[in-house]
Amino acid sequence: MRGKGMIDDYIAIDWGSTQLRAWHVQHGDCIHSLNLPVGVSRLKGQAPRDIFQRYIAPWRGNRNIPVMMAGMIGSEAGWQTVPYLDCPVRLEDIGSQCQRVDENVWIVPGLKTVRDGACNVMRGEETQLLGAAQLSPASCYVLPGTHCKWVWSPQASIEDFTTVMTGELHHLLLSHSLIGHALPEQQEDAAAFRQGLATGVDSPALLPKLFETRARWLLGALKKESVSDYLSGLLIGAELATQTGQRQPSSVTLVGAEPLLMRYQAAFDLLGITVSQCSGDSAFLQGIKRIINDGY
């Protein structure tokens, strides 16, 4: 199907691994929204179609308004597997490859790269990129999160991207390794974060620095309550030093939610790189709007 003119009544869905988030947009305003812990890894035997019928379909009433979904709902664990698009890909071509799964219900395809023996995939972030490219255009987009995406996008196309498991690594090290063993409840410590950040930027080869994190609190050089923030700074600093060392972006937009954006902003400031920021939700909704109205 192709969009015809301006469509001002539609439903946007970000359906990931853990959460289902949806917005009903009408005349530019959100008139309904929801956030439910029924991502594709939490279905508990329920079918995505049934969840859609229970929570989303009532917004449509008897009107066949378009529904555009993105995220893990298009994976093998979701509603229906939607093939990845190969990079490089023009931004304007992403929306034209949406797959229909029900009457006027569509899923945005994810993206993949296979280059020089390296493989990468994304689902959901491509929709944020479509919106961010309109709201805050750049040659490089950084999407912090459990799995941070670095996307290289010159001239309105996505040429390449990498995934850095910074958020997940922080959780694993703090919860399931000696670094976090027997620690008290963690407290916010901006100074510890900045200290870790400087160490990560200066020494991005992480393996020896990880055990040093444990040694720091064992020997009293780091408060036990501040290990989480120090480790966060260490990992983010190493990530940025590595990624910007491989490629030097001419312009960068951070896409995501507070307070994580502020942590990455501090890291870029330390490296002397000017960046712009774009709300992840705003980027996603703008991306869906672009797909709905450009044609799908």
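**Close-up views of a predicted model**

**View 1. Helix α8 is largely enclosed by the rest of the structure, because 17 of its 20 residues are buried.** Buried means under 20% relative accessible area, with a 1.4 Å probe and protein chains only. Helices are DSSP runs of H or I with at least four residues, and strands are runs of E with at least two, numbered from the N terminus.

The model is predicted: local features need pLDDT of at least 70 and side-chain atom pairs pLDDT 80 or more, while totals for chains, interfaces and linings use all residues. Residues are numbered from 1 along each chain as its sequence is written, and side-chain values use heavy atoms, without hydrogens and water.

**View 2. Three strands form an open, mixed sheet in the order β5-β9-β10.** The edge strands, β5 (85-86) and β10 (118-122), each pair on one side only; pairing requires at least two DSSP bridges between two strands. Strand β9 (residues 111-115) runs parallel to β5, and two bridges join them. In this pair, L85 stands opposite L111 of β9.

**View 3. Domain 1 (9-136) and domain 2 (164-279) come from the domain assignment of the protein.** Each domain gives four residues to the contact, defined as heavy atoms within 4.5 Å. The two domains bury about 360 Å² between them, 63% of it on carbon and sulfur atoms; this is the accessible area (1.4 Å probe) lost on being put together, summed over both parts. Q128, A132 and S136 supply 80% of the area that domain 1 buries against domain 2.

Methods:
Buried means under 20% relative accessible area, exposed over 50%, partly exposed in between (1.4 Å probe, protein chains only). Domain bounds come from an automatic or database domain assignment.
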